Amino acid sequence: MSGPGKLVGLFLAAVALSLATAAPALAQPRLTESTPKQDARLGRPPQVVRLCFSEPIARSGSADYTLSLARAGGGTVPLTASPSEDGTCLEARPSWPQQAAGAYTLFWMVRQEQGGQSLSGSLTFTVAPPEPPDVLRLAILTTVSVAGAAAAGLVLTLIRRSIGYEPHRPQAEAESESLVGHH
């Protein structure tokens, strides 16, 4: 290779190397997993809310991550948050109110451990305990079912009697009646 060709090759190699090493530094953490999931409908309030990210987040000070749990219609739910040991997840333990049913939004912000870029977002979910069964409706359905079965039985019995079908009558008794009448 000649001098200018060699210089162009070294230049291209240096550019490629700098791009390869700069790309991770420019990467931004992203949310990869959450518990509860976005738009989840839960039967009871979760004891732990967990957010996991694509890379470690900064965790040296209180400004490195923030979490706020807001209730639809106003008010917030106090919570304590802590990062996981490897720094890729945040866990929050809410102090749920006595009546926790409702819609909630978790607002969060984290900073990247390497580079300090921040990422923020929100996660919504609903706490709606299962509704108790409607006892009156179940009672009416049961009554209608039993009444329908009784009515069907009555109709079938009347039809059977009108055509003279008697399946429970012993065969010998039926034959003796027919012989008595023919003598």
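Phe125 is buried, as its relative accessible area of 2% falls under the 20% limit. This residue of the predicted model lies in strand β9 (residues 118-127). Ring pairs link Phe125 with Trp96 and Tyr104 into a cluster.

**Aromatic pairs**

- The count of aromatic pairs comes to four.
- Among them, Phe53 and Trp108 have ring centres 5.3 Å apart and planes at 65 degrees, so this pair is edge-to-face.
- Phe53 belongs to strand β3 and Trp108 to strand β8 (residues 102-111), so their pair ties together parts that are 55 residues apart in sequence.
- Both partners are buried: Phe53 has 4% relative accessibility, and Trp108 has a relative accessible area of 6%.
- Trp96 and Phe125 also form an edge-to-face pair, with 6.4 Å from centre to centre and 80 degrees between the planes.
- This pair links distant parts of the chain, 29 residues apart, with Trp96 placed in the loop between β7 (89-94) and β8.
- Trp96 counts as buried, because its relative accessibility is 17% and the cut-off is under 20%.

**Sheet**

- An open sheet is formed by four strands in the order β1-β3-β7-β6, with antiparallel pairing.
- The edge positions are held by β1 (31-35) and β6 (79-83), each of which has a single partner strand, so one side of each is left without a neighbour in the sheet.
- On average, neighbouring strands of this sheet are turned by 15 degrees against each other, direction ignored.
- Strands β1 and β3 (residues 49-53) run antiparallel and are joined by four bridges.
- Glu33 has Cys52 in β3 as its bridge partner.

Technical notes. Residues are numbered from 1 along each chain as its sequence is written. This is a predicted model: local features need pLDDT of at least 70, side-chain atom pairs count only at pLDDT 80 or more; totals for chains, interfaces and linings use all residues. Side-chain values use heavy atoms; hydrogens and water are left out. Two strands pair if DSSP finds at least two bridges between them. Helices (H or I, at least four residues) and strands (E, at least two) are DSSP runs, numbered from the N terminus. Axes are lines fitted to C-alpha atoms, for helices over the stretch in contact, and angles run from 0 to 180 degrees between N-to-C directions. Rings of Phe, Tyr and Trp (its six-membered ring) pair if their centres lie within 6.5 Å; planes under 30 degrees apart count as stacked, over 60 as edge-to-face and the rest as tilted. Buried means under 20% relative accessible area, exposed over 50%, partly exposed in between (1.4 Å probe, protein chains only).
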